[in-house]
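Hi,

Here is the structure I promised to pass on. Please open it alongside this note, and I will walk you through what turned up.

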Protein chains: 2
Amino acid sequence: MTVGAKETTIYDIAAKLDISAATVSRALKDHPRVNKNTKKLIVKTAAEMGYLSNSFASNLRKKSSNIIGLIVPRLNSNFMSDVIAGIEKVLNNNNYNVFISQSLETMTKEISNANDMLVNRVDGLMVSLAYDTTNINHFEPFVKRNIPVIFFDRVFEQDDYPQIYIDNFKAAYEITAHLIKQGSKRIVHITASQLRNVYSDRLAGYKKALEDNNLKFEEALVIINNLSSEAGHEAANQILKMAPLPDAVFSANDICAVSCMQTLKKNGIRLPDDLLFAGFNNDPLTCVIEPNLTTINYKGYEMGEVAAKQMISRLMNKDEFQPAHNLILKYELIVRESSLRNK
Amino acid sequence: MTVGAKETTIYDIAAKLDISAATVSRALKDHPRVNKNTKKLIVKTAAEMGYLSNSFASNLRKKSSNIIGLIVPRLNSNFMSDVIAGIEKVLNNNNYNVFISQSLETMTKEISNANDMLVNRVDGLMVSLAYDTTNINHFEPFVKRNIPVIFFDRVFEQDDYPQIYIDNFKAAYEITAHLIKQGSKRIVHITASQLRNVYSDRLAGYKKALEDNNLKFEEALVIINNLSSEAGHEAANQILKMAPLPDAVFSANDICAVSCMQTLKKNGIRLPDDLLFAGFNNDPLTCVIEPNLTTINYKGYEMGEVAAKQMISRLMNKDEFQPAHNLILKYELIVRESSLRNK
DNA sequence: CTGTTAGCGCGTTCAT
DNA sequence: ATGAACGCGCTAACAG
């Protein structure tokens, strides 16, 4: 085939073999009621002629695309990349392709992405929400069209959609209880937008652990930012101004925890002697920072697989009623030197 | 609109307003030759009726998708995520959507991804190659169909395709020369598949710097692995067995450098006193490891923008002849404590 | 400025 | 097991 040449179609194949396009179409999609030999011949000829199925025509006719949309806040985290790898594997195995986009943590872009997905007629949509998403009206058009929408990790508290996540409340409770057991009494908590379950649940778990251990919750010990590296440095400066100094920090992600630790160290704070530290996510950074950071590990790859399988299951049984149900995955607390009080 | 209900089409709108579908189509795509008022009415009615353009039909008719395919080795690096953000911005601004997939560093998946892109009829393809890709035959079908293919960062030495990258030879030369200037005479170089320009060019730059400084190149000082974190630990063990010990290490990426440093430190090697260190990419890790890692910084976001603009330019002038030309972007050497000999 | 007509390539009836 | 005919929804070509 040369530049500008016409694509070969099933009609070209049909003409060459002096049969009908319908038979070619059936043979190429492995329809049962077609002669073994003619099928073989058709497939062979198609390959020879460099035939390439036109997905537009096929999709138009079938009214489905075999494409699943994926909207995530950002692509550049170890966690998210694992999730995507897991999603891709499962969907590819089921003959679906993935359309990925990032909201860059803004609702505006998330809405725009969702509309793109709609126009591109995805068969299903998987979403992890941006920081500032206040409502999910932009996903209603999917529901109305019976296109499954599944939330993972950053979900929305609403029964209409299936959701996959971990028990952030319990994980935060455990991590806080651990810090308390190590002797901490004034624990700073750094977190992000309380619109997101992952952060509000962690804050709630932190509060409950304090309460269960007869420690008073202090608003002044909660720092809310965007959990970026820069925010971690600023948080350190805020902490340095606290009088008296707190005796522990629990950050809702590792990146922020690490940069916070760095700035504190630069200012002469000894870790973990002066201050215990804990993060969340088990980012590779946690094993590089000194002291190594205590954190919560949960497997993104598995979350991706589970979410994708859920999607496949819904697509396979579209006619049946699909009650939205939530899947809660496992996590583990990994204790490292940053949260161990030296004797 | 309710579940299962038929989508409204331009014919529905036309019927309701008692005009032709052609006019509706023109109005919705903002065609110039259509009455201001009817246009306004059509747009309003379309919105009211919940009209959604059917991209399959449109694409089928136009023989173009406004989708650009993107194949990268992995999504989970800071660098690649920046590249993607840059690409997305430029392409979205030009009304293109992005179809992302990762090859996971294998040629097999890269080929499979390319075929998916072909079937999904992308208008253009942007690629950064996997480790073990030995040829680029899988991109020829694109060229034959006059679909632009652009390589970035991990490019292929072939004139047919435009390529965007940095001068890896020069960067490696500078970093090696810097280590030599600090007094190093036996420098280990850790790198990956020599099939990829980014690694073969860096090795070549390293060799040239040795030569220009009258240092003998030793095959035994070159470690080839996959530059993963695990590979870094193993490389450290290899280095520990070298007698005498080398006096510097230049790793072709930061991740591998950092884990290598960690294992060396655990084994009692003092950095930078016993061994100088340098990496490549300016990953956030470089500022966390102690001592902070000397590295090469080059901006992924900019590379993404440049590559995407190149793509847009080619798509805009498809009829004209487009000579493949290469764009070489800037980089900078960032010297940190890991490569500074203490006096 | 607007309408008529045709066809993009495929999958799916309903025949035989 | 195969074929004829239609239509998915849209846009481009041609008229007027």
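First, the ground rules. This is a predicted model, in which local features need pLDDT of at least 70 and side-chain atom pairs count only at pLDDT 80 or more, while totals for chains, interfaces and linings use all residues. Residues are numbered from 1 along each chain as its sequence is written, chains are lettered from A and ligands numbered from 1 in the order in which they are written, and side-chain values use heavy atoms, with hydrogens and water left out.

**The sheet in chain A**

Chain A has an open sheet of 6 parallel strands, in the order β2-β1-β3-β4-β5-β11. Helices (H or I, at least four residues) and strands (E, at least two) are DSSP runs numbered from the N terminus, and two strands pair if DSSP finds at least two bridges between them. At the edges are β2 (97-102) and β11 (326-329) of chain A, each pairing on one side only. On average, neighbouring strands of this sheet are turned by 15° against each other, direction ignored. (Axes are lines fitted to C-alpha atoms, for helices over the stretch in contact, and angles run from 0 to 180 degrees between N-to-C directions.)

Within the sheet, β1 (residues 67-72) and β3 (residues 124-127) of chain A run parallel and are joined by 4 bridges; A:I68 stands opposite A:G124 in β3(A). Helix α6 (residues 107-119) of chain A packs on the sheet and touches β1, β2 and β3 of chain A, where contact means heavy atoms within 4.5 Å. The direction of α6 makes about 175° with that of β1(A).

**Around DNA strand C**

There are 25 residues around DNA strand C, and A:Y51, A:R61, B:T23, B:R26 and B:R61 come nearest; a residue is near if one of its heavy atoms lies within 4 Å of the strand. By class, this surface has 10 nonpolar, 8 polar and 7 charged residues. (Ala, Val, Leu, Ile, Met, Phe, Trp, Tyr, Cys and Pro count as nonpolar, Asp, Glu, Lys and Arg as charged, and the others, Gly among them, as polar.) The element that gives the most is α4(A), with 4 residues.

- A polar side-chain atom of A:Y11 is 2.9 Å from a base nitrogen of DNA strand C.
- A polar backbone atom of A:I10 is 2.8 Å from a phosphate oxygen of DNA strand C.
- A backbone N or O atom of B:S20 is 3.0 Å from a phosphate oxygen of DNA strand C.

A:D123 sits in the loop between α6 and β3 of chain A. Its relative accessible area is 10%, so A:D123 counts as buried (under 20%; exposed is over 50%, partly exposed in between, with a 1.4 Å probe and protein chains only). A polar atom of its side chain lies 2.7 Å from the backbone nitrogen of A:N66.

A:N97, in strand β2 of chain A, is also buried, at 14%. The side chains of A:N97 and B:D116 are joined by a polar contact of 2.9 Å.

A:N78 belongs to helix α5 (residues 78-93) of chain A and is partly exposed, at 28% relative accessibility. Leaving out residues up to four places away in sequence, A:N78 touches A:D283, A:P284 and B:N76.

Best wishes

Methods
A polar contact is a pair of N or O atoms within 3.5 Å; within protein, one must be able to donate a hydrogen and the other to accept it, and residues adjacent in sequence count only if both atoms are side-chain atoms.
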